[in-house]
Amino acid sequence: MRVYQREEAHGVFFEPGQVAEQPLGTEEPRSLELSGPSRVGLEGPERRRFSASELMTRLHSSLRLGRNSAARTLTQGSGTGAPREGKASGRESRSVEIRADSVAMAAPVDPSGGHGSWPESRLESQEEPALGSRSASERRQSRFLLNSVLYQEYSDVASARELRRQQREEEGPGDEAEGAEEGPGPPRANLSPSSSFRAQRSARGSTFSLWQDIPDVRGSGVLATLSLRDCKLQEAKFELITSEASYIHSLSVAVDHFLGSTELSECLGAQDKQWLFSKLPEVKSTSERFLQDLEQRLEADVLRFSVCDIVLHHCPAFRRVYLPYVTNQAYQERTYQRLLLENPKFPGILARLEESPVCQRLPLTSFLILPFQRITRLKMLVENILKRTAQGSEDEDMATKAFNALKELVQECNASVQSMKRTEELIHLSKKIHFEGKIFPLISQARWLVRHGELVELAPLPAVSPAKLKLSSKSVYLHLFNDCLLLSRRKELGKFAVFVHAKMAELQVKDLSLKLQGISGHVFLLQLLHGQHAKHQFLLRAQTESEKQRWISAMCPSSPQEDKEVISEGEVSLGLSDRPQVQCVRTYKALQPDELTLEKTDILAVRTRTSDGWLEGVRLADGEKGWVPQAYVEEISSLSARLRNLRENKRITSAASKLGEPPA
């Protein structure tokens with residue numbers, strides 16, 4: 001006979017007076033010293049399912065701690081396996097209780113049997129698996145792990161809501177207007193993406209509640225005393241917890257359904273399996289420990305809980321699993337593509353697994369990229385908390401520390417991926433590029449490729465009449481690195497013969513498209529200087545305006561300080577913003593080194609636009625610059641929305657500066 005809560009249970013909160021189950025496993029409970037509200041029970045006890053016989057045995061074994069154990073199982077009628085159900089009214093719940101040594105363990109039950117609030121507990125006569133063979137999620141029944149909710153769906157809804165917020169005027173009950181933040185008020189809807197998500201999912205029986213929907217919160221009367229800013233702050237903290245549970249749910253599908261598939265394992269070699277799934281189980285275990293600490297903090301004080309100190313505490317563990325997983329991205333993508341092409345069994349097995357309702361017919365790739373998405377989203381969630389935290393408070397200091405730690409981790413992950421990609425690219429190019437009569441060491445740790453491509457070199461031909469200008473044309477291939485430029489001609493077998501090269505400081509570029517008569521196309525002049533004089537010059541023509549502008553921008557790059565000024569100049573003394581802003585509405589992966597990879601909700605300050613659908617921008621969040629297709633972004637037309645975005649970015653950088661950290 002065992003007591004358990006169904007895996008598909010809704011989010012559950014204990015009513016006042018109910019106490020969580022004490023851990024009865026062979027392992028010692030894990031303690032975590034964190035600032036903030038104190039833990040419940042013994043350092044935040046673990047919830048786990050256990051058989052009744054095992055319960056009795058382990059309770060008696062606690063005699064060594066000097067405590068007498070007794071157990072009482074409540075039953076209905078004369079049966080020994082059925083729960084005793086008491087009548088309840090209103091929001092009161094029935095419960096199955098097991099009392100031992102003054103410890104009450106209760107599992108509330110919804111008297112209506114519907115989807116409203118409490119899941120039903122049951123007693124069954126089945127043998128429990130050995131404790132050592134169970135995962136952390138099985139040992140502790142999380143109240144937020146909802147089997148019908150996957151992180152992919154949460155992410156879509158959260159991104160859609162953030163896009164609307166960034167585009168919206170400041171006036172209104174759901175915005176960040178300074179005046180709207182002050183003063184108490186009734187509970188508001190739409191304070192987090194959970195509300196719209198809950199409406200979408202309610203027909204399928206899942207509950208993805210707001211913090212304000214928790215019975216203890218509603219019954220406390222605190223909602224009538226909170227300002228809108230404080231209410232949003234609590235919702236932002238609560239979203240971090242619920243989204244982590246959704247993330248773990250999707251990771252569980254990836255590990256149990258895909259990685260755990262016997263059929264898939266049999267068709268993969270050990271090395272391919274390692275490259276394809278990498279450290280996904282370790283990522284899942286780390287997140288489970290993180291969620292456990294978050295939930296215990298919430299239980300300790302559901303009205304005034306904090307999360308940023310827990311985030312900061314777990315950042316070293318995040319680094320241990322996320323950095324190698326993200327670094328493995330290149331091998332993961334190549335392995336996946338190679339298996340599709342070379343392993344005849346892999347596509348069919350994968351297709352059958354992806355058709356399963358367990359993964360809601362989502363592809364394996366959508367699960368493999370979750371760690372990349374989550375570590376970025378986690379930084380954004382902490383950033384949202386920081387924006388709403390009172391300035392100059394201890395909470396602001398802690399939120400800033402957590403944000404800086406996550407920002408540093410994201411940057412480290414990006415740098416690791418970038419470094420590996422750049423090194424592989426140089427090794428590949430060194431086998432194809434040949435210098436005529438010179439030795440040029442191409443491979444260097446300080447060198448990377450910025451842009452490459454083929455242009456048309458134009459040269460004047462002798463003409464009968466000086467009024468008729470004739471030009472010869474021939475192809476020239478450019479490899480632009482961060483420190484030098486190579487000009488070459490294509491040879492057989494994809495090789496390149498370099499005929500001239502120059503340092504970046506020796507380059508000078510002039511846009512001539514509007515100045516030359518009789519020359520069609522997108523033309524610019526490239527000069528290679530020696531001292532004050534041009535040693536070589538080339539009249540080059542690009543196929544499109546964006547190609548020409550991208551070459552000019554790459555050869556004459558702006559400084560980091562100039563990029564910062566692009567962001568800061570949007571807010572001038574008159575309160576006007578003439579610097580356009582766009583936000584990413586579709587994820588974009590950079591195809592060229594001078595392009596910028598974008599995630600949904602990224603905001604860019606626009607530097608340059610072209611008539612053929614490209615723009616160059618600086619991302620507000622980290623100051624990174626690059627080109628993106630305009631089809632992946634939309635204009636932020638509201639002046640007040642642009643100013644708010646700038647103020648929020650300034651708030652983050654100012655908070656970081658106060659702690660002695662360099663601003664983003």
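This is a predicted model: local features need pLDDT of at least 70, side-chain atom pairs count only at pLDDT 80 or more; totals for chains, interfaces and linings use all residues.
**The whole chain**

Begin with the entire chain displayed as a cartoon. Its secondary structure comes to 19 helices and 19 strands. Of its 664 residues, 50% count as buried. Among contacts with a separation of 6 or more, 68% join residues 24 or more positions apart.

**The largest nonpolar core**

Next, select Trp-211, Leu-240, Phe-258, Leu-276, Phe-277 and Phe-346 and show their side chains. These residues have the most contacts inside the largest nonpolar core, which has 77 residues. Helix H7, residues 228-259, gives the most to this core, contributing 15 residues. In soluble globular proteins, nonpolar side chains tend to be buried together.

Centre the view on Phe-346. Setting aside neighbours within four places in sequence, Phe-346 is in contact with Leu-264, Cys-267, Leu-268, Leu-276, Tyr-336, Leu-339 and Leu-340. Apart from this core lies another, of 22 residues; Leu-507, Phe-524, Phe-538 and Ala-542 are among them.

**Helices H7 and H15**

The axes of H7 and H15 come within 9 Å and cross at roughly 170°. Angles over 145 degrees count as roughly antiparallel, and H7 and H15 are therefore roughly antiparallel to each other. To view the contact, display residues of H7 including Leu-233, Ala-236, Leu-240 and Tyr-247, together with residues of H15 including Leu-378, Leu-381, Val-382 and Ile-385. The residues of this contact divide into eleven nonpolar, two polar and eight charged.

**Helices H15 and H16**

On the H15 side, the contact includes Ile-375, Leu-378, Val-382 and Leu-386, while on the H16 side it includes Glu-396, Ala-399, Phe-403, Leu-406 and Val-410. The contact of H15 with H16 is made up of ten nonpolar, two polar and four charged residues.

Is Glu-396 buried or exposed? Its relative accessibility is 3%, so Glu-396 counts as buried. Beyond neighbours within four places in sequence, Glu-396 is in contact with Leu-386, Thr-389, Ala-390, Gln-391, Arg-651, Ala-655 and Lys-658.

Most residues other than glycine have a negative phi. The next two selections have positive values.

- Select Gln-360, in the loop between helix H13 (346-354) and helix H14 (364-368). The phi of Gln-360 is near 50°. With 21% relative accessibility, Gln-360 counts as partly exposed.
- Select Leu-493, in the loop between strand S10 (484-490) and strand S11 (496-503). The phi of Leu-493 is near 60°. Leu-493 counts as exposed, at 79% relative accessibility.

**Helix H17**

Finish with helix H17, residues 545-555. How many of the eleven residues of H17 are buried? Ten are, so H17 is largely enclosed by the rest of the structure. To see the buried residues, select Ser-546, Glu-547, Lys-548, Gln-549, Arg-550, Trp-551, Ile-552, Ser-553, Ala-554 and Met-555.

Notes:
Residues are numbered from 1 along each chain as its sequence is written. Side-chain values use heavy atoms; hydrogens and water are left out. A nonpolar core is a set of buried Ala, Val, Leu, Ile, Met, Phe, Trp, Tyr and Cys residues joined through side-chain atoms within 4.5 Å. Buried means under 20% relative accessible area, exposed over 50%, partly exposed in between (1.4 Å probe, protein chains only). Helices (H or I, at least four residues) and strands (E, at least two) are DSSP runs, numbered from the N terminus. Contact means heavy atoms within 4.5 Å. Ala, Val, Leu, Ile, Met, Phe, Trp, Tyr, Cys and Pro count as nonpolar, Asp, Glu, Lys and Arg as charged, and the others, Gly among them, as polar. Axes are lines fitted to C-alpha atoms, for helices over the stretch in contact, and angles run from 0 to 180 degrees between N-to-C directions. Angles under 35 degrees count as roughly parallel, over 145 as roughly antiparallel, 65 to 115 as roughly perpendicular and the rest as oblique.
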